[in-house]
Amino acid sequence: MDLDVFVSAHRAEWDRLDALLRRQRHLNGAEVDELVALYQRTATHLSLIQSSAPDPQLTGRLSQLVARARSAVTGTRRASWRDVTRFLTHGFPAAVYRSRHWWVPTALLSTLVAVLLAWWIGTSPEVQSSIAAPSELRELTRPGGQYETYYSSNPAASFAAQVWTNNAQAAALCLVLGIFLGLPVLWVLFQNMLNLGVGFGLMSSAGRLDTFLGLVLPHGLLELTAVFVAAGTGLRLGWTVIDPGPRTRRTALAEEGRAAIGMAIGLALVLFISGAIEGFVTPSGLPTWARITIGVVAELAFLAYVFVLGGRAARTGETGDVEAAERSSTVPTAA
């Protein structure tokens, strides 16, 4: 493509579109039709330039012009409670359900890694001595030691907020870093499993595994599930970079990226619930069986939410992406 010739041939149309956009509130019927036609043609011109003769300055100008025209043609819409309800009942559970082939294996393999690490640490005095001195280990694992007092070390509300913030950041890192082929996600996941395995192994070697499980299970089931979902989604996003499937890589990343952003919002709500359980239930005076029951009920409720509500939404075509009207237009690549 001869870019100078192309620009000379179509500059008048772009200038006319810009002029119509400047006075869009005062257009008559014929001018509105002209604006729509010019928008469609300019979008095609932009696509041709991007694919055949990319010029940063011209591409920037036309991108801005097309965005303004699209806003004028399609209109703008404010988010409403209907959008929130749709997201919670359709978008988020469907997105989690669709990514189940990634996060369920991630959960199983990660749990296996944590168990193996716990067994290795719990049965190896040499490994334990490399973690801390014997006196420090006794302080960690004794009745009333640091593992137990950790959950009541701060007021419940502030502790729950701190836990929620930390876990939400870990989940967001998994989602955001997935774009780097998923490798940072594996590191974040391993760090979480290592921390779990160390606690599991040390408390087991001290003969206090029941106490450890009573402290971890109430909130840990839901919390770890949310982390596994985030990690699985991040790995899926990383794989999309490698193999976008029948879609173009740009389209695939846009679709999966928007779904991942929605996933981050939904998981923040899930982690808020697990943080509340960790702040108010885990250190409470409830019997161990009651605290664990609360954790199991919360976990089963989330799984039912995903596999029943999310499965039903996914089968109707819901993907977790924004509605079609809110997505960028797909323009033709040939005049």
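**Contacts, cores and rings**

Mentor: Of the contacts in the chain with a separation of 6 or more, 77% are between residues 24 or more positions apart, where contact means heavy atoms within 4.5 Å. Bear in mind that this is a predicted model, in which local features need pLDDT of at least 70 and side-chain atom pairs count only at pLDDT 80 or more, while totals for chains, interfaces and linings use all residues. Residues are numbered from 1 along each chain as its sequence is written, and side-chain values use heavy atoms, with hydrogens and water left out.

Trainee: How many helices and strands are there in the chain?
Mentor: The chain has 13 helices and 0 strands; these are DSSP runs numbered from the N terminus, with helices being H or I of at least four residues and strands E of at least two.

Trainee: And what is the radius of gyration of the chain?
Mentor: It is 27 Å, well over the 20 Å that the globule rule gives for 335 residues, so the chain is more spread out than a compact globule. The radius is taken over C-alpha atoms, and the rule is 2.2 Å times the number of residues to the power 0.38. Along its principal axes, the C-alpha trace spans about 80 × 40 × 35 Å.

Trainee: What share of the residues is buried?
Mentor: Buried residues make up 39% of the 335 in the chain, with buried meaning under 20% relative accessible area, exposed over 50% and partly exposed in between, for a 1.4 Å probe and protein chains only.

Trainee: Switching to the inside, which residues of the largest nonpolar core touch the most other members?
Mentor: That core holds 35 residues, and Phe92, Val96, Met263, Leu267 and Phe302 are the ones that touch the most other members. A nonpolar core here is a set of buried Ala, Val, Leu, Ile, Met, Phe, Trp, Tyr and Cys residues joined through side-chain atoms within 4.5 Å. The elements giving two or more residues to this core are α4, α5 (100–122), α9 (156–177), α10 (183–205), α11 (209–242), α12 (249–281) and α13, and α11 gives the most, with 8 residues.

Trainee: What does Leu267 contact, away from its sequence neighbours?
Mentor: Leaving aside neighbours within four places in sequence, Leu267 is in contact with Phe92, Leu175, Ala226, Val229 and Ala230. Apart from this core lies another one, of 19 residues, which include Phe6, Leu20, Ala43 and Ala69.

Trainee: Is Cys174 buried or exposed?
Mentor: Cys174, which is found in helix α9, is buried, with a relative accessible area of 0%. Not counting residues up to four places away in sequence, Cys174 touches Val185, Val188, Ala230, Ala231 and Gly234.

Trainee: And Trp81, buried or exposed?
Mentor: Trp81 is in helix α4 and counts as exposed, at 73% relative accessibility.

Trainee: Okay, rings now: how many aromatic pairs does a search of the whole structure find?
Mentor: The search finds 8. Rings of Phe, Tyr and Trp (its six-membered ring) pair if their centres lie within 6.5 Å, and planes under 30 degrees apart count as stacked, over 60 as edge-to-face and the rest as tilted. Phe6 and Trp14 form a tilted pair, at 6.4 Å centre to centre and 45 degrees between the planes, and both residues are buried.

Trainee: What about Tyr97 and Phe307?
Mentor: They form an edge-to-face pair, with 6.0 Å centre to centre and 80 degrees between the planes. Tyr97 lies in helix α4 (residues 81–98) and Phe307 in helix α13 (residues 288–315), so the pair ties together parts that are 210 residues apart in sequence. Tyr97 counts as buried at 14% relative accessibility, whereas Phe307 is partly exposed, with a relative accessible area of 35%.

Trainee: Which charged end sits over the ring of Tyr97?
Mentor: That of Arg100, 3.9 Å from the ring centre; the criterion is NZ of Lys or CZ of Arg within 6 Å of the ring centre and within 35 degrees of the ring normal. Leaving aside neighbours within four places in sequence, Tyr97 is also in contact with Val306, Phe307, Gly310, Gly311, Ala314 and Arg315.

Trainee: Which residues form one aromatic cluster?
Mentor: Phe87, Phe92, Phe302 and Tyr305 do.
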